[in-house]
Amino acid sequence: MGEVEPWAAGLAGHRRELTGYCYRMLGSVFDAEDAVQETLLRAWRHGDSFDGRSSPRTWLYRIAHNVCVDLLRGNGRRALPMDVGDPSAPVAAAMGEPVPGRWVSPAPDGSVLADAADPAEAAVARESVRLAFLTALQLLPPRQRAVLILRDVLRWTAEEVADLLGTSVPAVTSALQRARATTRRTGVGAGGPMAPPADLDPAHHDLLDRYVRSFERYDIDALVALLREDAVHTIPPYRMWLRGRADIAAWMRGPGAGCAGSRLVPVAANGAPAFAQYRPDPAGGWRPFSVQVLALAGGTVAGIHYFLDPRLPGRFGLPARLSRAAPGRLSRAGRPGRR
């Protein structure tokens, strides 16, 4: 590999953008990290196959794409619980068994969003990892998924995408049209390149501060007052999900009461307001429990997605336990907005 080694040493410098691509393709931060690790290993082992006709970056993306397609083969699509069934009733019903590997999972913005000097480009990138768009991507066949990501998110030319996928420009154009039509039916990616979303305004920051205070006090009346009337509540890896203030309140007072006494730590996840939740530990302090990703609409909380995986807070650089109260107010560092 003699001539390849000088640039091969810089392969890891592409890790973040490759993780972002793999995350959008696979819908799981854990799968994405595994895919990127495999990509870098293959690139290192087979560097002598690089012929210089494309850039090292394009070559790495080609390897990453092939790794993702291999991982997707034979696996069902990832989704959110409300995408695969009706709301659960009655509220007090058993949660059932977890269904691992079935759901999209949140990712730290810093792991999947590359730095962008243009604020508009940064905003579009954040929109492209929001849960709604991520789940819409999972509806697409792998090639259409890749074309939509490369063309509408990463802004590659049709010629560059055709070269990466080993196909023609007309085939890329056709795949992009079909992908846009599918995502349009879901209400995201309205048929063309995504427009930058609006940053959170002061009223939204106040709403999030009140959410944290209400949740940490476990004041259900105050918390429910912040919800939109038809708000949704999901708890992957479980299939059950809830819709509406009344059912969410009943759940939190009943089966969800174990969350009382929790602490929330703001994190930057999926371009949206999010919190790492630590539940009280009988041995003292608080232990990782979930990452909550919120959807806001019209000055209310329209959705709360609890991803119950104690490994997730660690992906955000947070400790394995809290020995004292975490900061209760939403810090500027945890607010999605301009990067």
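Colleague: How many residues does helix α4 have, and how far does it reach?
Modeller: Helix α4 (residues 56–72) has 17 residues and reaches 24 Å from first C-alpha to last, close to the 24 Å expected at 1.5 Å a residue. The expected span is 1.5 Å times one less than the number of residues. Helices (H or I, at least four residues) and strands (E, at least two) are DSSP runs, numbered from the N terminus. This is a predicted model, where local features need pLDDT of at least 70 and side-chain atom pairs count only at pLDDT 80 or more, while totals for chains, interfaces and linings use all residues. Residues are numbered from 1 along each chain as its sequence is written, and side-chain values use heavy atoms, with hydrogens and water left out.

Colleague: Which residues of α4 are buried?
Modeller: Thr-58, Trp-59, Leu-60, Tyr-61, Ile-63, Ala-64, His-65, Val-67, Cys-68 and Leu-72. Buried means under 20% relative accessible area, exposed over 50%, partly exposed in between (1.4 Å probe, protein chains only).

Colleague: And what follows α4?
Modeller: Gly-74, whose phi is positive, near 85°.

Colleague: Is Cys-22 buried or exposed?
Modeller: Cys-22 is buried, at 0% relative accessibility, and Cys-68 has 0% too.

Colleague: New topic: what's the mean pLDDT?
Modeller: The mean is 87, and 85% of residues reach 70 or more. pLDDT is the predictor's confidence in each residue, from 0 to 100. Over residues 190–196 pLDDT is below 50, though this stretch has 20 contacts in the model beyond near neighbours in sequence. Contact means heavy atoms within 4.5 Å. Where pLDDT is low, the predicted coordinates should not be read in detail.

Colleague: What order do the strands take in the sheet?
Modeller: The open sheet of six strands runs β2-β1-β6-β5-β4-β3, with mixed pairing. Its edge strands are β2 (241–243) and β3 (263–269), each pairing on one side only. Strands pair if DSSP finds at least two bridges between them.

Colleague: How do β4 and β5 pair?
Modeller: Strands β4 (residues 272–280) and β5 (residues 286–297) are antiparallel, over seven bridges.

Colleague: Which strands does α11 lie across?
Modeller: Helix α11 (residues 202–217) lies across β3, β4, β5 and β6 (300–307), at about 145° to β5. Axes are lines fitted to C-alpha atoms, for helices over the stretch in contact, with angles from 0 to 180 degrees between N-to-C directions.
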